[in-house]
Amino acid sequence: MKKIFTFIAAAFMALSANAKEEISVSGFSPWDNCTIEGSTITMGSGYKGGSITIGRDMSSFDYVWIKFSNATGSPNFGITYDEWKSNADWGPVFASTTSELNGSGIVGIKLDKSTVMVNGNAETDGVGKGDVYAQHVQQLTIQGQSGAAEVTVEGIFFGTAAEFVADGGDVPVRPEPGNSLTLWEGEMVFDGWSVSSTVAAKFFEVAEVGDIIYCTVKGVTADYNPIFKNINSWADLDGITEQSKDDNHFEGTIGTADVLSFLKANGLRFQGLGFTLTKVELKVPANASVKGIQAETPQSQVRYNLAGQRVDASYKGVIIMNGKKMVNK
């Protein structure tokens, strides 16, 4: 059974009311069979890890992100909100979003400012019911999956979308009709039911009902059987329809508004047998509505410099506007 972490509060480095805020790795509290030496976290097999307690309103920020190196075993970086949800496999669990870490880089998670709390924390008898999740950020977690894992944490930050991009992060942009967005690329061999791979929720922020989840595979065997799974349990994910497959790919269509909302909040898990997964894409049908794409594209004229500071239209140099870098001459 998956464990829920309860640990001591982290030490915060508040820079200013609206500035990027760094979370010190010294606030990380390990669970059993997990150790931390400096900024390197080593996790034993069996979903081991630890957390950094937040316990306050973070709705003034857009993203939380981690800079990391030397990640092995695909550990997850996650955020949990002070909201209890029922899970088929584990009973009551905190609402959460996670994203895999591999090698070195930067991974961000968009804070959920739209989902409204229904239950609140069971320990506080529903306090916070009716607020949005970002007002009740409970903790950040770093947790291995079924096997051993390790990662060196270079920094953890809360900030605006512009600050995330300035730090090197990617904000997904919806593809034009007929094009695709790469959600994951690598090589994972599905040779047993214990193997699974996930796509972060952030990529589905730009998805719409009718989009196609297209998975490229190789090395299929006689027991070839790919499955779209519920990331919060081991159940199949209902609402991904018209699945087709051949020796080179399998695909499914986001068929309902309910499954789209689930993917935006939780992400997607893949499981199965008899294939090697090499790429996952979100394909926008050629006949998709242009109007729908425009609705997904921010139209704000707010500009930021590469330090994440807001600037006006007279500022010259590299700026970030609507999540994109551009040169203002």
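Two strands pair if DSSP finds at least two bridges between them. The model used in these exercises is predicted.

**Exercise 1.** Find the partners of strand β11 and the residues that face each other.

*Solution.* 
Step 1. Locate β11 at residues 137-143.
Step 2. Take β6, residues 49-56. β6 and β11 are joined by six bridges and run antiparallel.
Step 3. Pick out residue pairs. Gly50 has Ile142 of β11 as its bridge partner. Arg56 stands opposite Val137 in β11.
Step 4. Turn to β8, residues 76-87. β8 also has six bridges to β11, again antiparallel. Here Gly78 is bridged to Thr141 of β11.

**Exercise 2.** Give the strand order of the open sheet, then explain which strands stand at its edges.

*Solution.* 
Step 1. Write the order of the five strands: β3-β6-β11-β8-β9, with antiparallel pairing.
Step 2. Look at the ends. β3 (29-30) and β9 (91-100) each have a single partner strand, so one side of each lacks a neighbour in the sheet.
Step 3. Return to β11. Seven of its seven residues are buried.

**Exercise 3.** Decide whether Lys48 is buried or exposed, and list what it touches.

*Solution.* 
Step 1. Apply the cut-off: buried means under 20% relative accessible area. Lys48 has 13%, so Lys48 is buried.
Step 2. List contacts beyond four places in sequence. Lys48 touches Trp31, Asp32, Asn33, Met43, Ile142, Gln143 and Gly144.
Step 3. Check for a polar contact. The side chains of Lys48 and Asp32 make one at 3.3 Å.

Terms used:
Residues are numbered from 1 along each chain as its sequence is written. This is a predicted model: local features need pLDDT of at least 70, side-chain atom pairs count only at pLDDT 80 or more; totals for chains, interfaces and linings use all residues. Side-chain values use heavy atoms; hydrogens and water are left out. Buried means under 20% relative accessible area, exposed over 50%, partly exposed in between (1.4 Å probe, protein chains only). Helices (H or I, at least four residues) and strands (E, at least two) are DSSP runs, numbered from the N terminus. A polar contact is a pair of N or O atoms within 3.5 Å; within protein, one must be able to donate a hydrogen and the other to accept it, and residues adjacent in sequence count only if both atoms are side-chain atoms. Contact means heavy atoms within 4.5 Å.
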